[in-house]
Amino acid sequence: MIKTSGLSKTFPGGVDAVLGVDLTVEAGEIVGFLGPNGAGKTTTMRMLTTLLRPTGGTATVAGHDLLADPRGVRRRIGYVSQGGGIGPATPVGDELLLHAMLYGMRPGRARERAGEILERLDLSGLESKPGGALSGGQRRRFDLAFGLVHGPSLLFLDEPTTGLDPQSRANLWDHVRRLRAEEGLTVFLTTHYLDEADTLADRLFIIDHGAIVAEGTPAELKGGTGTLDDVFLSITGRSLREDRPTGDPGPGAPDGTGGGPVARAADEGR
Amino acid sequence: MSEVKDILRDTWIVFLHNTRIVLQQRVGIVFGVVQPMLYLVLFGPLFATIGTWETLVPGLLIQVALLSTGLAGFGIVFDARSGVLERLRVTPAHRVSLLLGRVLSSSVTLLIQSVMLIAVGYAFGMRAWLPGVLATLVLMTLLGVSLAALSNAIALNIGPEMFAPVMSTGVVPLILLSGAFLPMSMAPGWLDALSRATPFRYVLEAVRDLFRGEYATGTVVAGVAVALVMSALCVTVGTRVFNRENA
């Protein structure tokens, strides 16, 4: 589903954000992508989702060549960014219809698909609400709906549960697991939470200094003894927990803000 | 050919979506036209004692274009910040459609505002030539496209904090130099020369001719040419900025 070879991005000014990433993701896998801040995690994700043009290497994503056919890639993937993509003022249902139609669906079909996906994510009846009136967990599930409305075969999730309360996190995990089980969806996710990586992902990649430094199932990486935390610390020399974006209270903190977007990850690596 | 069809379709979808929002919320339309309307009502009767309504109303049309459409980039700043823009950029929609749909919708807003000003102008006793007024609305559409595209490009470049102060200050000299309140033919030489370096003067003088019923003049030709060149240029710049990575 994803195959990259030497995928790299050099930013003007000579900073190497990503030196060369080689990874393969099979159809139907849930893959976790971990790394300290500035390691090239978000830059890699933005390249794979066509938001950043790679400066070196090759990649095939969802059956299309990333460099030669970015529109082909866009048709087949869904992407949920860290901060989400919901404006505060317009009804989310209207935005979802526009989003679906930009994938070529006619209005009737778009409405049908939107209805299906909202039903499946327990969001029916909230279509007319503006983004600002949704709870943190609802917002995140709407973000998921935007990423899924066109029936992609591959879904990218950037820090999907950052800032959510434990219940909403568990709920989102359930939805992701079910989508994989029922529709064979492939999921590529970045996360700051090792428990999330441990429970949700079949396989993990750890990136540091712009290259993949470790790969394997959570069990393989742990080697039967330590925790993922120890593994991460010994590989990168840093604890993943120290790297939480500033202002993020972490899991377990009450979500009283209505899920306002956290610090956007777009600055990473620039 | 199917590429062009896709672009037109996507542009149309984005245009309808944005226009529906504008029409539902209405604040954008009313807010933008308040200031020129105040000039029309509170300054117009005064101006009419020395000049004509047919001179003033075209000036206020340029004013509303700059004040209202010039600030159209505000919307894209919010969409960039809330992640909406990035979400749309991952769809297969052509980027030019995402920009153009938005820009055309701003242009419709300007058209409604222009009609409001012209209608009140007539009510105050303006005697403008109707075909000239209709031709003016076409020019206003071009002006709206230019200003909205440019405003979006600037907004994406300078970010949300700087946009409002820079633009609300930047449009003032452009309004004054267009001769919106008094024709530039009355200005001293240096001011007249400065004014000739700005595009809006040409469009404004063409509109004044059109309002008077003089349509076959060099001034009208110049105004139309400037409006056409300006919209082509601004859409090109806007698309380029919009296409750029990380924009």
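Student: Which residue just after α1(A) takes a positive phi?

Tutor: In this predicted model, the place to look is the stretch that follows α1(A), where the backbone takes a positive phi of about 70°. The residue with that phi is T50(A).

Student: Why is helix α1 of chain A described as largely enclosed by the rest of the structure?

Tutor: A residue counts as buried if 20 or more other C-beta atoms lie within 10 Å of its own. The residues of α1(A) that are buried include K41(A), R46(A) and L48(A). The helix, which spans residues 41-48, is largely enclosed because its buried residues number eight of the eight.

Student: What percentage of the residues in chain A is buried?

Tutor: Chain A contains nine helices and 10 strands, and its 270 residues are the basis for the percentage. Of the contacts in chain A with a separation of 6 or more, 69% are between residues 24 or more positions apart. The buried share of chain A is 49%.

Student: Which helix gives the most to the side of chain B that touches chain A?

Tutor: On the two sides of the contact there are 18 residues of chain B and 24 residues of chain A. Within chain B, α1 (2-25), α4 (73-82) and α5 (84-89) each supply at least two residues of the side that touches chain A. With five residues, the helix that gives the most is α5(B).

Student: How many residues on the side of chain B that touches chain A are nonpolar?

Tutor: Sorted by class, the side of chain B that touches chain A holds six charged and four polar residues. The nonpolar residues on that side number eight.

Note on methods: Residues numbered from 1 in each chain as written. Chains lettered and ligands numbered in written order. Predicted model: local features only at pLDDT ≥ 70, side-chain atom pairs only at ≥ 80, totals over all residues. Contact = placed C-beta atoms within 7 Å. Helix = DSSP H or I, 4+ residues; strand = E, 2+ residues; numbered from the N terminus. Nonpolar A, V, L, I, M, F, W, Y, C, P; charged D, E, K, R; others polar. Buried ≥ 20, exposed ≤ 12 C-beta atoms within 10 Å, placed from the backbone.
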